[in-house]
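Here is a short report on one protein model. Look at the structure first, then read on.

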Amino acid sequence: MPAPDVLHGVHERFAGADPALPNGFAEHTPMGVDAMVALGLDASRVAAWAEHHRPQPLGPGEPIVAVRDALRAELQTDDWEAVLRRHARVLLPAADAHLFHGLIRTAHAVRALGRRDDEAARAELATGMAAWSVWADLPLATGTPATTSADTGRGLDAGGADPAAATPSASATAPPPGPLDAEAVVLDAEAVVLDAARRGAGAFVARPSIFTLHAVTAPMALLQLWPVLDGDGHRAGADVIARTHAAHPPVAPETIGALDTRSLREDEVARVADHWDAHPAKLVEACRRGYDHVADPVFLAAARQVAGG
């Protein structure tokens, strides 16, 4: 069975699952499998990892059900990129809700749709956006963007949200577009996001934690959405990432020189499937893309923290 087929089966198996575990943490199984597929792991190894994880049932009265089902209906009749772009205008100012997990799960679904656009992958996208909406306390109106003035909670800029609590976001509404050329706005915003990811990788190397790990995976997840978003989405996402990562200083060159920045061998990459936790796979995959973008060895050092020998 090809690895993308394993991911398809996981999407089907977790289609009705709660995106939050009983302890309040986010459900990571679909994200972990997508990361392993992107890393090129052997399908049998990915399937064995996925079998260790069981979906948590979602009660019919849970608030997320109505949002998810409305999004699924919308995705059945509309282009998925248009649906995401429309709702992203509401969601992106709250990208940091629940330690960025709504954004991150949505981004993994987007990559899956790039491989195979089918009902299961669209349902996964609906789950990601619905979780994002509920965790951020931002209602969505299907077909048209909802508006809100919600501005509560905190993200990584305040020391990191408790991942065991669905903390709403502190993100302010993005400023209106300025007179910049549209292409320049996109390029500037992308540079901001990549710089934040580099800072996050440096922070993880210096102080490994669940918070600094997501300081890498969150901006790299936003870049997964980049081709779908419009200029306003780029600006809104970059604004949140710049704010949440402001506490992470740039990585000094002398610091890099002291790190193990050898690229991971394929057998070392495959070790991510030895962990029950999905975070090593997510981090290694995000670091690989970060390095591909800017060739900064700090990404190699961060990946080696969780998968190196």
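## Overall build

Of the 309 residues in the protein chain, 53% count as buried. Buried means under 20% relative accessible area, exposed means over 50%, and partly exposed lies in between (1.4 Å probe, protein chains only). This is a predicted model, in which local features need pLDDT of at least 70, side-chain atom pairs count only at pLDDT 80 or more, and totals for chains, interfaces and linings use all residues. Residues are numbered from 1 along each chain as its sequence is written, and side-chain values use heavy atoms, with hydrogens and water left out.

The protein chain has 14 helices and zero strands. Helices (H or I, at least four residues) and strands (E, at least two) are DSSP runs, numbered from the N terminus. Along the sequence the pattern reads α-α-α-α-α-α-α-α-α-α-α-α-α-α.

## Helix H1 against helix H7

Two packed helices are described by the angle between their axes and the distance between the axes. The axes are lines fitted to C-alpha atoms, for helices over the stretch in contact, and the angles run from 0 to 180 degrees between N-to-C directions. Take H1 (residues 3-13) and H7: their axes come within 9 Å and cross at roughly 55°. H1 is therefore oblique to H7. Angles under 35 degrees count as roughly parallel, over 145 as roughly antiparallel, 65 to 115 as roughly perpendicular, and the rest as oblique.

The crossing of H1 and H7 is left-handed. That term applies if the near helix is turned anticlockwise from the far one by less than a right angle; clockwise is right-handed. His8, His11 and Glu12 of H1 meet Ala120, Ala121 and Glu124 of H7. By class, this contact of H1 with H7 has two nonpolar, two polar and two charged residues. Ala, Val, Leu, Ile, Met, Phe, Trp, Tyr, Cys and Pro count as nonpolar, Asp, Glu, Lys and Arg as charged, and the others, Gly among them, as polar.

## Helix H9 against helix H10

H9 and H10 pack at an angle of about 175°, and their axes are 11 Å apart. So H9 is roughly antiparallel to H10. Ala218, Pro219 and Leu222 of H9 make the contact with Gly237, Ala238 and Ile241 of H10. By class, there are five nonpolar residues, one polar and no charged ones.

Glutamine 224 also sits in helix H9. Its relative accessible area is 17%, so it counts as buried. Leaving aside neighbours within four places in sequence, glutamine 224 is in contact with Ala107, Val110, Arg111 and Arg289.

## Aspartate 230, between H9 and H10

Aspartate 230 is in the loop between helix H9 (210-225) and helix H10 (231-244). At 22% relative accessibility, it counts as partly exposed. Which residues does aspartate 230 contact, leaving aside neighbours within four places in sequence? They are Arg85 and Arg89.

A polar contact of 3.4 Å joins the side chains of aspartate 230 and arginine 89. A polar contact is a pair of N or O atoms within 3.5 Å; within protein, one must be able to donate a hydrogen and the other to accept it, and residues adjacent in sequence count only if both atoms are side-chain atoms. Arginine 86 lies 144 residues from aspartate 230 along the chain, yet their C-alpha atoms are separated by 9.5 Å.

## Two positive phi angles

Histidine 98 is not a glycine, yet it has a positive phi of about 55°. It is found in the loop between helix H5 (80-91) and helix H6 (101-115). Histidine 98 counts as buried, at 3% relative accessibility.

Aspartate 137 is not a glycine either, and has a positive phi of about 55°. Its loop runs between helix H7 (119-136) and helix H8 (182-206). Aspartate 137 is exposed, with a relative accessible area of 54%.

## Helix H14

Eight of the eleven residues of helix H14 (residues 297-307) are buried, so the helix is largely enclosed by the rest of the structure. Among the buried residues are Val298, Phe299 and Leu300. At the start of H14, a side-chain oxygen of aspartate 296 reaches to within 2.9 Å of the backbone nitrogen of valine 298.

Notes
Contact means heavy atoms within 4.5 Å.
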